Amino acid sequence: MFDQLSLNILDIGMNSLAAGATVVRITVIEDVPHDQLLIRIRDNGRGMDEKTLRDVLAKNASTKAGRKKPIGLGLALLRQTSEMCDGAFRIQSAPGKGTGVTASMRLSHVDRPPLGDLNATIFALCAVNQDADVQLHYRSGDQKFHFSSQEGKHNEPRRTQETQGKGAAAGCAA
Amino acid sequence: MKTPILVQLQPLMAALRAEQLTNNRPETLTGCYISDLLSDVLAHAEPGMIWLTIQTHRNVVSVAATKDIAVVLFTCGRKPYAEVIAEADEEGLALLTTPLTTFEAAGKLWEAGLRGKNGHE
Ligand SMILES: Nc1ncnc2c1ncn2[C@@H]1O[C@H](COP(=O)(O)OP(=O)(O)OP(=O)(O)O)[C@@H](O)[C@H]1O
Ligand SMILES: [Mg+2]
C-alpha cells in the first residue's frame, strides 16, 4: 500500500517498461454514479507465461535480477489496496501478448488512498523510456483527458490549429 | 549511525501478553518500527527490528522478508490466517500477537530499552 494510487500506477508502469513495452496505456476512470474507481495499465511488453503469473499471484514472486530474495511487491500492493477497498484485481498476460493489470475500488471507501500526483507518475515513466509511448486516458464524469508522450513527436514542428483535432492526434501517433 | 541497542525478546513476552504464532522466535531485537502503510515500512524499517502493525495481510510477510525484519507483532488481538503464518515460518520470520493496542505495546517495548531507527531516542 502506498498513500497515493499514482505511486502504485508508477510501480506497475515501471513493470511494463521493464518488460520491454513500447506502448504503456494507463486508464483511470472515476465513476461517481456507480461509486467506482477503475485503474488499468495495459502494455505490449513481453508478457508472462502461466507459471510466472501463478507464482506472482500466489507468492509475490519476482524475476528481477540482483534481488537478495525473489520477492516483488508492485502488483501485491495494488492488489491489497483494491481488495481492501471492496474492489477486484485482475492480471491478464501471455507471452508475446503483453500484460493488462486492472484494479477497481469503491470510490467512497474510507481507506481508499487519493489518486495523488498522476502528472508526476506520467512524467517519471516518460523520463525512464523516452521512446516508449506512455499514454494516460483519464475520465471523470463528463471530464476527459488524453495524453500520449509520442503524440506530435514525428510531426512537423509547427502545426496549425486545424490539424490538431482529434483525428490528427490519432494520425500522428501512428 | 549508532550501533543498535539489542534487547532480549523472551522477557518481554509476558509484559506484552504476547502469543507466539510461528515456530521460530529470535533471541534479540535491534529496534522497533510502527506503521500500517507497507510502502512506509519498506522505506524505514531496519534489519532485526520488531514491527508493530494491525495489518495481517500476507504482504506483511513479503515486506518483512524483504527488509530482514525479525518479528512482526500484531496488535489489538489481530491474527493472520494460517497460510500467512505458514509463509512466515518458511521465511524464518517470527509472528506474535498481543491484545494490547499499538500504543500500549510500544510503551512496553520502550520501557524495556528498545529504540527506533538508528537507535534514535
Ligand atoms: N507488465 C509486465 N510484463 C511482464 N512481466 C511482468 C509485468 N509486471 C510484472 N511482471 C512480472 O511479475 C513480477 C512481479 O512484479 P512486481 O511489480 O510485483 O514485483 P517486481 O517488479 O519484481 O519488484 P518490485 O517490488 O520492485 O515492483 C516481475 O518480476 C515480472 O516477472
Ligand atoms: Mg514492479
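The exercises below work through a predicted model, beginning with the chain contact and moving on to individual strands and residues.

**Exercise 1. Describe the contact between chain B and chain A: how many residues take part, and how much area is buried?**

Solution. Start with the residue count: 15 residues of chain B are in contact with 14 residues of chain A. Next, take the area. About 1,200 Å² is buried between chain B and chain A, and carbon and sulfur atoms give 49% of that. Finally, look for the main contributors in chain B: Leu37(B), Arg58(B) and Asn59(B) lose the most area to chain A, together 33% of what that side buries.

**Exercise 2. Find the polar links between the two chains, and say which elements of chain B give two or more residues to the side that touches chain A.**

Solution. First count the links. Between chain B and chain A there are two salt bridges, and 11 residue pairs are in polar contact, both residues being at pLDDT 80 or more. One of the salt bridges joins Asp68(B) to Lys69(A), with the closest N and O atoms 2.9 Å apart. Now turn to the elements: helix H2 (38-44) and helix H3 (59-66) of chain B each give two or more residues to this side. H3(B) supplies the largest share, five residues. Sorted by class, the side of chain B that touches chain A has five nonpolar, six polar and four charged residues.

**Exercise 3. Are the faces of strand S5 (residues 50-53) of chain B covered or open, and which strand joins S5(B) through three bridges?**

Solution. The partner is strand S4 (residues 32-34) of chain B, which runs parallel to S5(B) and is joined to S5(B) by three bridges. Within this pairing, Ile34(B) stands opposite Leu52(B).

**Exercise 4. Is Thr75(B) buried or exposed, and what does Thr75(B) touch?**

Solution. Locate Thr75(B) in the loop between strand S6 (71-74) and helix H4 (82-91) of chain B. Its relative accessible area is 0%, so Thr75(B) is buried. Leaving out residues up to four places away in sequence, the contacts of Thr75(B) include Leu52(B) and Thr53(B), along with Thr98(B) and Leu100(B).

**Exercise 5. Where is Thr27(A), and which residues does Thr27(A) touch?**

Solution. Thr27(A) sits in strand S1 (residues 23-31) of chain A. With a relative accessible area of 12%, Thr27(A) is buried. Not counting residues up to four places away in sequence, Thr27(A) touches Leu38(A), Ile39(A), Arg40(A) and His137(A).

Note on methods: Residues are numbered from 1 along each chain as its sequence is written. Chains are lettered from A and ligands numbered from 1 in the order in which they are written. This is a predicted model: local features need pLDDT of at least 70, side-chain atom pairs count only at pLDDT 80 or more; totals for chains, interfaces and linings use all residues. Side-chain values use heavy atoms; hydrogens and water are left out. Contact means heavy atoms within 4.5 Å. Buried area is the accessible area (1.4 Å probe) that two parts lose on being put together, summed over both. A salt bridge is a side-chain nitrogen of Lys or Arg within 4 Å of a carboxyl oxygen of Asp or Glu. A polar contact is a pair of N or O atoms within 3.5 Å; within protein, one must be able to donate a hydrogen and the other to accept it, and residues adjacent in sequence count only if both atoms are side-chain atoms. Helices (H or I, at least four residues) and strands (E, at least two) are DSSP runs, numbered from the N terminus. Ala, Val, Leu, Ile, Met, Phe, Trp, Tyr, Cys and Pro count as nonpolar, Asp, Glu, Lys and Arg as charged, and the others, Gly among them, as polar. Two strands pair if DSSP finds at least two bridges between them. Buried means under 20% relative accessible area, exposed over 50%, partly exposed in between (1.4 Å probe, protein chains only).
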